[in-house]
There are 2 protein chains.
Amino acid sequence: MSSTTRTPQADRTRAMRQRLLEATVEVLVERGFSGTSTTLVSERAGVSRGAQLHHFPTKNDLVVAAVEHLTERRGAELAQTLATVPRGAGRTKAVVRVLGDHFTSPVFAAALELWVAARTDATLLAAVAPLEQRVGREAHRLTVDALGVDEQRPGDRELVQATLDLVRGLGLAATITDDTRRRTRILDRWAATLDAQLGAR
Amino acid sequence: MSSTTRTPQADRTRAMRQRLLEATVEVLVERGFSGTSTTLVSERAGVSRGAQLHHFPTKNDLVVAAVEHLTERRGAELAQTLATVPRGAGRTKAVVRVLGDHFTSPVFAAALELWVAARTDATLLAAVAPLEQRVGREAHRLTVDALGVDEQRPGDRELVQATLDLVRGLGLAATITDDTRRRTRILDRWAATLDAQLGAR
């Protein structure tokens, strides 16, 4: 729907959905998946139970939509941040640090709650697995572009994948210990490795 | 207690604790942290509720002890497996593959459940954080030894840390998508990178 055809009612509905989704991510980050309930979310969002149930009939509908919504917003933010990294010396280090920050954000914690819950919940997994694949492809594409990688060169595609698996691992570690200094040293060493190895085979 | 002073009663107690801890890991892997209850575990282990509560008064006591127990057993297994990797060409690739396998085992899934639950549970976090640090130090030491790394060489310590964060990230990805082929390609490329980069600065 273009902005000229939007009705006040449609705007209100859109704003309410937005509030529900953002409240859901907040509650996931604060209380984890098992501590998240639709009641808690509608209270936090200031939305009536009836309206909430109309838009998102189940907890799974709500949490999947919320993580999808935030992932898209965060993907756009990542693309924007990467676009501001200057060309030239130090670029790889800056790109890798941006990726490291991205995977230690509260949104990563919300996504992690969803992934782990999906491991033992087949209904949730059916929704989360395609979302995770889309997120993975998007992060891969952004990283390839930011680093100027030619994926035709043998081994370079795998180095990009390794970079994303590394920052995912660092993000997981960061959820229980605050290790920014350790993380920065590792990321800087990784960036030097990429500079030496991309296109090297 | 040395084996000569063990009584039949002490043996029975030890065997019962063992059954409880292994049943806990199984239930964590199958049902996740929130789906794990002390009742379910005592049923699975064939141990009375009273005996279970005597040894592990709370769910947190049980899950932390269980993951600690399995982590120690798995640490010993990792050390043994790494000790069988032949010296010479291909050693780094073999070591990195062993690490990759280690972090995609069911025990990793049980530990992941505990880490994620600890993120939003202060009591659990107080028990899990030191356990996680010990596990991290042990894995680091085993990897340094297996790869013959001299940590005095600038940057090499960080390459070992990056290797472990990479396999942790791959382990997390593996919990929701079965991607053994992707993982093997990434690990092999990383092993080639380590061969080129360790001692290179």
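**Exercise 1. Describe the contact between chain A and chain B in this predicted model.**

Solution. Step 1: the contact draws on 42 residues of chain A and 42 residues of chain B. The structure is a predicted model.

Step 2: about 3800 Å² is buried between chain A and chain B, and carbon and sulfur atoms give 63% of this area. Of the area that chain A buries against chain B, 21% is supplied by Arg119(A), Ile176(A) and Arg189(A), more than by any other three residues.

Step 3: the polar side of the contact is counted next. Between chain A and chain B there are 6 salt bridges. One of them joins Arg182(A) to Asp165(B), with the closest N and O atoms 3.0 Å apart. The count of residue pairs in polar contact between chain A and chain B is 14, both residues of a pair being at pLDDT 80 or more.

Step 4: the elements of chain A are then assigned. Those that give two or more residues to the side touching chain B are helix H1 (8-31), helix H6 (106-119), helix H7 (122-147), helix H8 (156-174) and H9 of chain A. H8(A) provides the largest share of that side, 12 residues.

**Exercise 2. Classify the ring pair Phe103(A) and Phe108(A), and the ring pair Trp190(A) and Trp190(B).**

Solution. Step 1: over all chains, the count of aromatic pairs comes to 5.

Step 2: the ring centres of Phe103(A) and Phe108(A) are 5.9 Å apart and the planes stand at 55°, so this pair is tilted. Phe103(A) and Phe108(A) are both buried.

Step 3: the ring centres of Trp190(A) and Trp190(B) lie 4.3 Å apart with the planes at 15°, so this pair is stacked. The pair crosses between chains, running from helix H9 (residues 180-197) of chain A to helix H9 (residues 180-197) of chain B.

Step 4: burial is decided by a cut-off of under 20% relative accessible area. Trp190(A) has a relative accessible area of 1%, so Trp190(A) is buried. Trp190(B) has 1% relative accessibility and therefore also counts as buried.

**Exercise 3. Which residues do ring pairs link into a cluster, and which ring lies under the charged end of Lys59(A)?**

Solution. Step 1: ring pairs link Phe103(A) and Phe108(A) with Trp115(A) in a cluster.

Step 2: the charged end of Lys59(A) sits over the ring of Phe33(A), 4.1 Å from the ring centre. In chain B, the charged end of Lys59(B) sits over the ring of Phe33(B), at 4.1 Å from its centre.

Conventions: Residues numbered from 1 in each chain as written. Chains lettered and ligands numbered in written order. Predicted model: local features only at pLDDT ≥ 70, side-chain atom pairs only at ≥ 80, totals over all residues. Heavy atoms only, no water. Phe/Tyr/Trp six-rings, centres within 6.5 Å; stacked < 30°, edge-to-face > 60°. Buried < 20%, exposed > 50% of the residue type's maximum accessible area, 1.4 Å probe, protein only. Helix = DSSP H or I, 4+ residues; strand = E, 2+ residues; numbered from the N terminus. Lys NZ or Arg CZ within 6 Å of the ring centre and 35° of its normal. Contact = heavy atoms within 4.5 Å. Buried area = accessible area lost by both parts, 1.4 Å probe. Salt bridge = Lys/Arg side-chain N within 4 Å of Asp/Glu carboxyl O. Polar contact = N/O pair within 3.5 Å; in protein donor to acceptor, adjacent residues only side chain to side chain.
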